[in-house]
Amino acid sequence: MPELSRQRRLLVLGICCSALLIVSLDNTILNVALPSLRKDLHASVSGLQWTIDAYVVVLASLLMLAGSTADRIGRRRTFQTGLALFTLGSALCSLAPGLNWLIAFRMVQAVGGCMLNPVAMSIITNTFTDPRERARAIGVWGGVVGISMAAGPIVGGALVQSVGWRSIFWINVPVGLAALVLTARYVPESRAPKPRRMDPVGQTLMIVMLGSVAYGIIEGRPAGWTSPQIVGCFALGLCALLGLVAYENRRVEPLIEPRLFRSAPFAGATALAVCAFAALAGFLFLNMLYLQENRRMSALEAGLHLLPMAAMCMVFAPLSGRLVGSRGPRLPLVLAGVAMTASGVLFAAFDAETSDPLLFTGYVLFGIGFGLVNAPITNTAISGMPRDRAGVAAAVASTSRQVGTSLGVAVIGAAVAAGATVTAWWIITGCGLAVLALGTITTGRWAAGTAERAAARIQTDQSRIPVTT
């Protein structure tokens, strides 16, 4: 891909960020709308979980395929297809006549969504080739998450309260159409020099693993944790995981490259993404239900209460990107772990929900922590990897985020359904501690050495693979 002017690079960044914005807004607004959905569609807690996890499981299952497909047929083409499907899915969601239809249309959204974020990150990686400039661009990318968190609860609350929950899907349509037109005009096409072969067996095992585990956790309490149905789901998930590891280790060009995980920073970034996004998903799920159902707030009031968290995320996400560019990922990750852990302790041990000052403090701390954690995850996941595998590396990081979101909603939702809210908050606290520990362990000299060796091994192995068409 030819070198672009600075103005063109910034325009490409803006277009890619618009895709992230509609995807992030969609999830944030949906959390605000959960109580309205529960009332209008007569949904149970597990039904609410499925409106989120049906999307997330499909998204996580297909992200790797989307990354490799983009490397093969073209990143711009894949990105445009994703925008079209996500926009169509959003329009269908707004017309859903019942809960099951809504869940099905959310899955259509997810098929489009899997082609957006990792492919957009791959476009950014190949557009911003200077490491320092790339880190700043990723900081802006992370800042968009903060913007969506700040705007989502307010916009979503206003829409749900004034028009109804269906309107939360309408706003994706004009943004998606505009991004589609701008992508065709301004985003250059790019492909990997040596695209990987398709891996249908690995893809199937990935879908079976994530889907069966999510189903088992969400439906475990209603069906009974020891019922054959639930035990069978977990057994199937375990078998799919073991089969995936064994099969991928034998492939020359696997769906998930085991060689990437020889890098401690990359493996750490994957685990960090799972923990951080599980904490975020559980945090939003708990608070939206609590504020609207226990405190009897309107959707807009509940959204405004979350504004301190969202504002801190919006401020600290770009700051984190600059810190990563100038000082490396360790400092923002350690600070993120401390802030997220402290927030969880306030809710778990000091009943922060019952005190407005503690509630405000908990929201501020969590917003700071999550704002700091996102940029180091992305930067670490792709740094040191060959540029022609940027789509794969970014897709692994994005998959980890979605797996974390799925697990967070499933586990925290199950705790809420069982009446164990305090346990749910301790789980979120544990996720914060994991971020702190992983951020410390995987960012030192030893970890950097493993990254260098893993990159060299990947480059050597790649040179032995014939070019495919």
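Among contacts in the protein chain between residues at least 6 apart in sequence, 84% join residues at least 24 apart. The model is predicted. Keep the whole chain on screen to begin with.

**Whole chain.** Colour by secondary structure: the protein chain has 18 helices and zero strands. The C-alpha trace spans about 60 × 50 × 45 Å along its principal axes. For 469 residues, a compact globule would have a radius of gyration near 23 Å, and the 21 Å of this chain agrees with that. Of the 469 residues, 59% count as buried.

**Helix 3.** Select residues 75–94. The 20 residues of this helix should span 28 Å at 1.5 Å a residue, and the distance of 29 Å between its end C-alpha atoms agrees. Now show the side chains of Arg75, Thr78, Phe79, Gly82, Leu83, Phe86, Thr87, Gly89, Ser90, Cys93 and Ser94, which are buried in helix 3. They cover an arc of only 165° around the axis, so they sit on the same side of helix 3. What lies over these buried residues? The cover includes helix 1 (6–40), helix 2 (45–73), helix 4 (99–113), helix 5 (117–127), helix 7 (167–170) and helix 8 (172–186).

**Ser167.** From that list of covering helices, go to helix 7, where Ser167 is placed. Ser167 counts as buried because its relative accessibility is 2%, under the 20% cut-off. Which backbone oxygen lies 2.6 Å from a polar atom of the Ser167 side chain? It is the backbone oxygen of Gly164. Not counting residues up to four places away in sequence, Ser167 touches Leu159 and Val160.

**Val187.** Move on to the loop between helix 8 and helix 9 (200–223), where Val187 is found. Is Val187 buried or exposed? With 1% relative accessibility, Val187 counts as buried. Display what surrounds it: leaving aside neighbours within four places in sequence, Val187 is in contact with Arg8, Val12, Ile15, Arg76, Ile123 and Leu182. For a distance across the model, pick the C-alpha atoms of Val187 and Val58; they are separated by 27 Å, and the two residues are 129 apart along the chain.

**Helix 14.** Select residues 330–350. At 1.5 Å a residue, the 21 residues of helix 14 should span 30 Å, and its end C-alpha atoms, 29 Å apart, agree with this. Buried residues in helix 14 include Pro332, Leu333, Ala336, Gly337, Ala339 and Met340. Further along helix 14, Thr341, Ser343, Gly344, Leu346, Phe347 and Ala348 are also buried. Just after helix 14, stop at Asp351, which takes a positive phi of about 50°.

**Two loop residues with positive phi.** Go back to the loop between helix 1 and helix 2 and select His42. His42 is not a glycine, yet has a positive phi of about 55°. At 72% relative accessibility, His42 counts as exposed, the cut-off for exposed being over 50%.

End at Arg296, in the loop between helix 11 (264–294) and helix 12 (299–305). What is the phi of Arg296? It is positive, about 60°, although Arg296 is not a glycine. Arg296 counts as exposed, at 68% relative accessibility.

Methods. Residues numbered from 1 in each chain as written. Predicted model: local features only at pLDDT ≥ 70, side-chain atom pairs only at ≥ 80, totals over all residues. Heavy atoms only, no water. Helix = DSSP H or I, 4+ residues; strand = E, 2+ residues; numbered from the N terminus. Expected span 1.5 Å × (residues − 1). Buried < 20%, exposed > 50% of the residue type's maximum accessible area, 1.4 Å probe, protein only. Arc of directions from axis to C-beta. Contact = heavy atoms within 4.5 Å. Rg over C-alpha atoms; globule rule 2.2 N^0.38 Å. Polar contact = N/O pair within 3.5 Å; in protein donor to acceptor, adjacent residues only side chain to side chain.
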